[in-house]
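Here is a short briefing on one structure. Look at the chains first, then read the points by topic.

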Amino acid sequence: MPVGAWAIRTRRWAAGVLSLIVVLAILEAVARSGYVSRNLFTPVSTILRTFSDLLVTGVLPREMLSSLARIGAGLLLAIVTMIPLGTLIGVSRLFRQTLLPLIELLRPLPPTALIPVAMLFLGIGEAMKISVIGFACAFPILINTIDGIRGVHPTVVYTARSFRFTRMEMIRKVLIPAASPQIMTGIRVSLPLSLIVVILSEMVGSVNGIGRYILIQQRSFNVPEMYAGILMVALIGYAINRLFLLVDQRVIVWHRASTGNR
Amino acid sequence: MGRTERSLKGVILICALLVAWEAFSRLYSEWARYFPPVSTIMRKLVELAMSREGSEHILTSLLRVFHGYGWGVLAGLVLGSISGMSRLFYELIEPLVELLRPLPSVAILPIVILFVGVGDAMNVLIIAYATTWPIFINTLEGVRGVDLIHENTGRMFGLRGPELVRKVMIPSALPFIVSGLRVSFGLAVVVVISTEMVGSSKGLGYLIIESSLSDRIPEMYAVLVMIGLLGYALNECFRAVESRAMAWHRGFTAKARVF
């Protein structure tokens, strides 16, 4: 790496950290000045202390893990059902004509609106949350799979046909790999939605999970604990985002290599 | 997805499903509690839409969507275009943005309730927060991504200052901005329903959770249909405006297809 690039990166990093420290210092000063009630606005230092206490005692990790497990299960459910369905709809005109109107009818439904319906059928257990998360993730993954499959360049398909690929081979070796960047986009789009759904469903009906934890702390006026819980969600959200970008970049690099685009 | 290749098959499937639902709930009355007949749901839907109370709930949610979205658009556009034009400004706010952006809007619900209580202000604030981010990011990308050749060509033809912004920067960033606006608009509908479930005594989100908890099942389904219709109608409105405003851009995005 040239020295110039390194210097620029360091400067960017320093500017960012410095501005973050300034913002936190201002928040701390405002909280300590007493202009805003301490019950609403906790000093940053107190939040951080509460956060580390709750982290060490395992309260926050436990609540967060149960929420993450729900997201994982719901996302997995959506992936294993929607990628095959999307592929089928992508390649078959009959499936497309039959199913697209139904999909377009259900798509504008906000996934969280299904929480009350799912509660009616499944109570407030795991199945309720996982199924609503699955529903929320289903549409971005499905739509992107369909678009990805249909967007495969005609030359690629004709080449595979002239090599006498069977239908299965065409799907497995040509279409899904070619559509994978867009399928990944679908999964990435569905992640923030799944976070919204899991937190809301835990607020509305649950016995544990980070969403319920935050709301309960607010209702019992444990304000530092509430902020600590939200900080936890922010950090996890950030980590998920970062992790996904990393995976995404790998897929994209492979894809670029295979299509010869730079 | 092609809108031209619609055929009757899809409509037939939807009708068949509705008829099957109706028949099922009439034949197996022990299940009718969970699956009230479609006709009952539809009657309830009409009743709800006609009643004063029902239309008040709809109007409340709609107003909150537009109100919150408006603030989100304003904040996203202003922050995004400043960040796009000034690298220093973006570097200063970047860590904060990166920390706040992945934070799901409903997670800040308890904080907002703490400060402003439940009601209109709370819902509007959270919608504004949620809708700001996609617009911010897309505006930033759009402004940053202005082709240097386009910019310099504009300069060469003597455009400068506001004229350069109006004739080169805005048209070139607009497709990005519009896609941010579209994502945010969809998000606003999701968020309004979500926040109303936890902190409101009005609006469609409140109505659906309330009817589910107090066992008014046909009403719950009716509200669900209404929310779906609302989402659909808002989406169509957005598309209509977009296809008018962005007609000049359509030629760029046409794609070759085999299937």
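Which residue forms a salt bridge with Arg32(A)? The partner is Glu28(A), with the closest N and O atoms 2.8 Å apart. A salt bridge here is a side-chain nitrogen of Lys or Arg within 4 Å of a carboxyl oxygen of Asp or Glu.

This is a predicted model, in which local features need pLDDT of at least 70, side-chain atom pairs count only at pLDDT 80 or more, and totals for chains, interfaces and linings use all residues. Residues are numbered from 1 along each chain as its sequence is written, chains are lettered from A in the order in which they are written, and side-chain values use heavy atoms, without hydrogens and water.

**Salt bridges**
- Arg32(A) and Glu28(A) both lie in helix H1 (residues 3–33) of chain A. They sit 4 residues apart, about one turn of the helix. Helices are DSSP runs (H or I, at least four residues), numbered from the N terminus.
- Over all chains the count is 15 salt bridges.
- Between chain B and chain A the count is 0.

**Chain B against chain A**
- In contact (heavy atoms within 4.5 Å) are 54 residues of chain B and 69 residues of chain A.
- The buried area is about 5900 Å². That is the accessible area (1.4 Å probe) lost on putting the two parts together, summed over both. Carbon and sulfur atoms give 73% of it.
- Helices H1 (8–27), H4 (87–100), H5 (109–116), H8 (162–198), H9 (204–213) and H10 (217–245) of chain B each supply at least two residues of the side that touches chain A.
- H10(B) gives the largest share of that side, 8 residues.

**Helix packing in chain A**
- The axes of H3 (residues 59–91) and H4 (residues 93–106) of chain A come within 6 Å and cross at roughly 120°. Axes are lines fitted to C-alpha atoms over the stretch in contact, with angles from 0 to 180 degrees between N-to-C directions.
- H3(A) and H4(A) are therefore oblique to each other.

Notes: Parallel < 35°, antiparallel > 145°, perpendicular 65-115°, else oblique.
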